[in-house]
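Reader: Please take one part of this model and look at it closely, then follow the side chains from there to the rest. I would like the cut-offs behind each term as you go.

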Amino acid sequence: MRRILRNIWINLFFLLLSIFYEITFIMNNKPLAYSTTLNGDQLFHINRLHGLSKVFTSPIVFDNYHQVGNGVNYFYPWLTFYPAELLSKLLHSEARGIIVFLVIVTYLTFSVAYYSCKIYLNWNAKKSILFSFLWTFSSYRGVNFFNRTDIGELLATIFIPLVLMSFISLLKDKKYKNWIVLAIGMSLIMLSHILSTLMMIIVFILVMIMNSNYLKDIKIWVSLIISAVATSLMTMMYWLPMIQQQKYIGISRPAKVILYDWALDMGNLINRSFNNNYLLPNLGIMVIMVILLGIIKFNELKKY
């Protein structure tokens with residue numbers, strides 16, 4: 001009974017924090033990013049949301065932009081964004097629908113991060129809550145939320161701790177059945193934001209290199225292969241139509257971007273991080289402190 005009550009209180013706390021986090025949305029009746037300049041993905045996601053109103057009959061909606069259709073839902077995963085459309089219908093407003101939707105997204109980010117620590121790393125409540133705070137209040141997520149309004153990345157951020165920690169548990173604790181959670185989590189990431197999926201694959205490779213001694217167990221490889229196949233099958237609704245469209249018609253991009261030209265130099269990154277400004281891309285002062293303390297206390301860290 002005590003555990004149930006504690007879970008209720010923790011989840012209520014997460015919900016209140018989620019509402020507080022979005023106070024600028026509620027006070028202004030619109031996101032902070034809309035109050036200044038449209039310098040992020042706001043219009044893109046508004047168009048996505050509008051397109052979802054008829055997504056099961058046609059991925060292209062012709063009743064906006066002077067009857068010019070936009071096939072964005074062919075090429076951008078939308079399943080985890082669809083609840084925003086249901087909320088918009090329920091509340092009779094796309095603005096109110098997306099406001100409530102983003103509160104739920106933040107709550108789920110807190111909650112999934114917390115329970116991923118407890119279940120897969122066996123951390124106590126204090127450690128799990130601390131990680132949940134660091135993850136959800138991170139500057140990178142704040143930039144995506146308040147400045148860029150990148151809903152795809154915000155959705156992927158919900159599931160990344162679940163995927164990573166279940167993966168670590170599979171490797172180190174030989175929890176072979178974690179392939180189910182891993183497949184579902186990776187599918188939800190892919191159905192939210194494709195670049196986050198690619199970044200997770202890179203992270204998986206790095207974790208496997210750092211824990212190569214665990215990969216001698218053939219059952220781990222079997223679990224990973226089954227998980228990859230299951231993920232591919234569960235995400236067919238995204239990648240199969242995209243491939244079909246690419247085969248059907250040629251696609252040309254308007255410009256080639258050199259990512260190096262957009263990158264911050266290390267000095268700017270550190271300065272912005274100490275400023276801890278949600279409106280500028282940065283790591284945040286907490287991450288910088290954790291890195292510095294980790295370097296100073298490196299010899300005192302446990303091997304695990």
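Author: L5 is found in helix α1, which spans residues 2–21; helices here are DSSP runs of H or I with at least four residues, strands are runs of E with at least two, and both are numbered from the N terminus. The model is predicted, so to speak of a local feature requires pLDDT of at least 70 and a side-chain atom pair counts only at pLDDT 80 or more, whereas totals for chains, interfaces and linings use all residues. Residues are numbered from 1 along each chain as its sequence is written, and side-chain values use heavy atoms, with hydrogens and water left out.

L5 counts as partly exposed because its relative accessibility is 41%, where buried means under 20% relative accessible area, exposed means over 50%, and partly exposed lies in between, with a 1.4 Å probe and protein chains only. Together with M1, I4, I8, W9, L12, L15, L16 and I19, L5 makes a nonpolar surface patch of about 950 Å². Such areas come from the Shrake-Rupley method with a 1.4 Å probe, and for residues only the protein chains shown count as cover. Patches are made of residues with over 30% relative accessible area and no salt bridge, joining nonpolar side chains (Val, Leu, Ile, Met, Phe, Trp, Tyr) within 5 Å and like charges within 9 Å.

Helix α1 also carries F14, which is paired with Y114 of helix α7 across 100 residues of chain. The two ring centres lie 5.8 Å apart with the planes at 70°, so the pair of F14 and Y114 is edge-to-face; rings of Phe, Tyr and Trp (its six-membered ring) pair if their centres lie within 6.5 Å, and planes under 30 degrees apart count as stacked, over 60 as edge-to-face and the rest as tilted. F14 counts as buried at 0% relative accessibility, and Y114 is likewise buried, with a relative accessible area of 0%. Both rings belong to one aromatic cluster, formed by F13, F14, Y21, F110, Y114, Y115, F133, F137, F145 and F146. The structure holds 20 aromatic pairs, and one of them is stacked, F131 with W135, at 6.1 Å centre to centre and 20° between the planes.

From here the picture turns to the cores. In soluble globular proteins, nonpolar side chains tend to be buried together. The largest nonpolar core has 36 residues, and those with the most contacts inside it are F81, F101, F167 and I189; a core is a set of buried Ala, Val, Leu, Ile, Met, Phe, Trp, Tyr and Cys residues joined through side-chain atoms within 4.5 Å. The elements giving two or more residues to this core are α6 (82–91), α7 (94–120), α9 (139–147), α10 (151–173), α11 (178–190), α12 (194–210) and α13 (218–234), and α10 supplies the largest share, 11 residues. Leaving aside residues up to four places away in sequence, F81 touches H45, R48, L49, L52, I98, F101, I151 and L155, contact meaning heavy atoms within 4.5 Å. A second, separate core of six residues includes I10, F14, F110 and A125.

R148, D150 and E153 are linked in a network of salt bridges, a salt bridge being a side-chain nitrogen of Lys or Arg within 4 Å of a carboxyl oxygen of Asp or Glu. R148 meets D150 at 3.1 Å, N to O, while the closest N and O atoms of R148 and E153 are 3.3 Å apart. R148 is partly exposed, with a relative accessible area of 27%, whereas D150 is buried at 3% and E153 counts as buried at 9%. T149 sits in the loop between α9 and α10, and its phi is near 50°, a positive value in a residue other than glycine. Most residues other than glycine have a negative phi. T149 counts as buried, at 3% relative accessibility.
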